[in-house]
Amino acid sequence: MKKEIILESKFTAHQKTHVSIILGLPILVVIIKFLSMEFGDDGITGNYDGITDAPNNYMKIAALILVFFVIVMLSFLKTGVLKKNNQLYLGTYIFGKLLFNEKVDLGNKTKLAILKLTKNQKMAWFNIANPDQGISYHKNDITLLNDKHTQKTLLVSLDDENLANETVSFLEEHFDLTLETYSPDFS
């Protein structure tokens, strides 16, 4: 019996682009600057006075490359749902390996619903001629509900409807949750 299900990427393509431009590009520029200072036109410059700064510069370059690598790895993060010690957790995965998880409080939540929503995303920086242009996309929000559907908690939002159905099946199989059509009763 499978105890976890790895879902979709944690970030949208638009978010990945912003992270790479805002965080990754400046670090890459600094790495190139350090490398150009270290290697002159005629190879390694070697103009260090007194105690050599070369190991110090190499450590800075190595640290920056490590930070850049971590930023690139952010784009490969995926979210998932797992059962651990009979508790529901949302997990963050990279290449199929669990990095960390967060416990989901089921409290008085006994029902599930899939809310199919149309969302809009502004595409900042991409279309200067028409800055208000955006894209519409559909999401399947898996929501935890109480018995009367008056309290809802978003568990996960997915692009793929089949994956949303598979996730609901996983949750129904492993936890005492029932899929229902969202219909709040405020009486």
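User: What makes the group of Ile 21, Ile 22, Leu 23, Leu 25, Leu 28, Val 29 and Ile 32 a patch on the surface?

Analyst: The model is predicted, and the seven names listed there form a nonpolar patch with about 590 Å² of accessible area together. A patch requires residues with over 30% relative accessible area and no salt bridge, and nonpolar side chains are joined within 5 Å.

User: Why is Ile 22 called neither buried nor exposed?

Analyst: Ile 22 has a relative accessible area of 48%. Buried means under 20% and exposed means over 50%, so Ile 22, at 48%, is partly exposed. The residue is placed in helix α1, which covers residues 13-38.

User: Where does Phe 34 lie, and why is it classed as buried or exposed?

Analyst: Phe 34 is also in helix α1. Its relative accessibility is 19%, and the limit for a buried residue is under 20%, so Phe 34 counts as buried. The C-alpha atom of Phe 34 is separated by 6.8 Å from that of Ile 61, although the two residues are 27 residues apart along the chain.

User: How many helices and strands does the chain have, and in what pattern do they follow one another?

Analyst: There are 3 helices and 10 strands. Along the sequence the pattern is β-α-β-β-α-β-β-β-β-β-β-α-β. Of the 187 residues in the chain, 29% count as buried.

User: What makes the contact between Asp 147 and Lys 111 a salt bridge?

Analyst: The closest N and O atoms of this pair are 4.0 Å apart. The criterion is a side-chain nitrogen of Lys or Arg within 4 Å of a carboxyl oxygen of Asp or Glu, so the pair meets the limit with a distance of 4.0 Å. Asp 147 lies in the loop between β8 and β9 and Lys 111 in strand β7 (residues 111-122), so the bridge ties together parts that are 36 residues apart in sequence.

User: Why are Asp 147 and Lys 111 placed in the accessibility classes they have?

Analyst: Asp 147 has 54% relative accessibility, so it counts as exposed, the threshold being over 50%. Lys 111 has 16%, so it counts as buried, the threshold being under 20%.

User: Which residues are linked with Lys 111 in a network of salt bridges?

Analyst: The network links Lys 111, Asp 147 and Glu 180. Glu 180 lies in the segment after β10 (178-179) and Lys 111 in strand β7, so the parts tied together are 69 residues apart in sequence. At 29% relative accessibility, Glu 180 counts as partly exposed.

User: What makes Glu 161 and Lys 116 a salt bridge?

Analyst: Their closest N and O atoms are 2.6 Å apart, and the pair therefore qualifies under the limit of 4 Å. Glu 161 belongs to helix α3 (residues 161-174) and Lys 116 to strand β7, so the contact joins parts that are 45 residues apart in sequence. Glu 161 is partly exposed at 40%, whereas Lys 116 counts as exposed at 52%. The whole structure contains 4 salt bridges, including those described here.

User: Where do Asn 86 and His 149 lie, and are they buried or exposed?

Analyst: Asn 86 lies in the loop between β4 (77-84) and β5 (87-94); its relative accessible area is 59%, so it is exposed. His 149 lies in the loop between β8 and β9; its relative accessible area is 3%, so it is buried.

User: What makes up the lining of the largest pocket?

Analyst: The largest pocket has a volume of about 360 Å³ and is lined by 17 residues. Ser 9, Lys 10, Thr 12, Lys 139 and Ser 157 lie nearest its centre. At least two lining residues come from each of β1 (4-9), α1, β8 (134-145) and β9 (152-158), with β9 supplying the largest share, 4 residues. By class, the lining has 6 nonpolar, 7 polar and 4 charged residues.

Terms used
Residues numbered from 1 in each chain as written. Predicted model: local features only at pLDDT ≥ 70, side-chain atom pairs only at ≥ 80, totals over all residues. Heavy atoms only, no water. Patch = residues over 30% accessible without salt bridge, like charges linked within 9 Å, V, L, I, M, F, W, Y side chains within 5 Å. Areas by Shrake-Rupley, 256 points an atom, 1.4 Å probe, with all protein chains shown as cover. Buried < 20%, exposed > 50% of the residue type's maximum accessible area, 1.4 Å probe, protein only. 1 Å grid on protein atoms, 1.4 Å probe; cavity = no way out; pocket = protein on both sides within 12 Å on 5 of 7 lines; lining within 4 Å. Points joined across faces, edges and corners; volume = space filled by probe spheres on them. Nonpolar A, V, L, I, M, F, W, Y, C, P; charged D, E, K, R; others polar.
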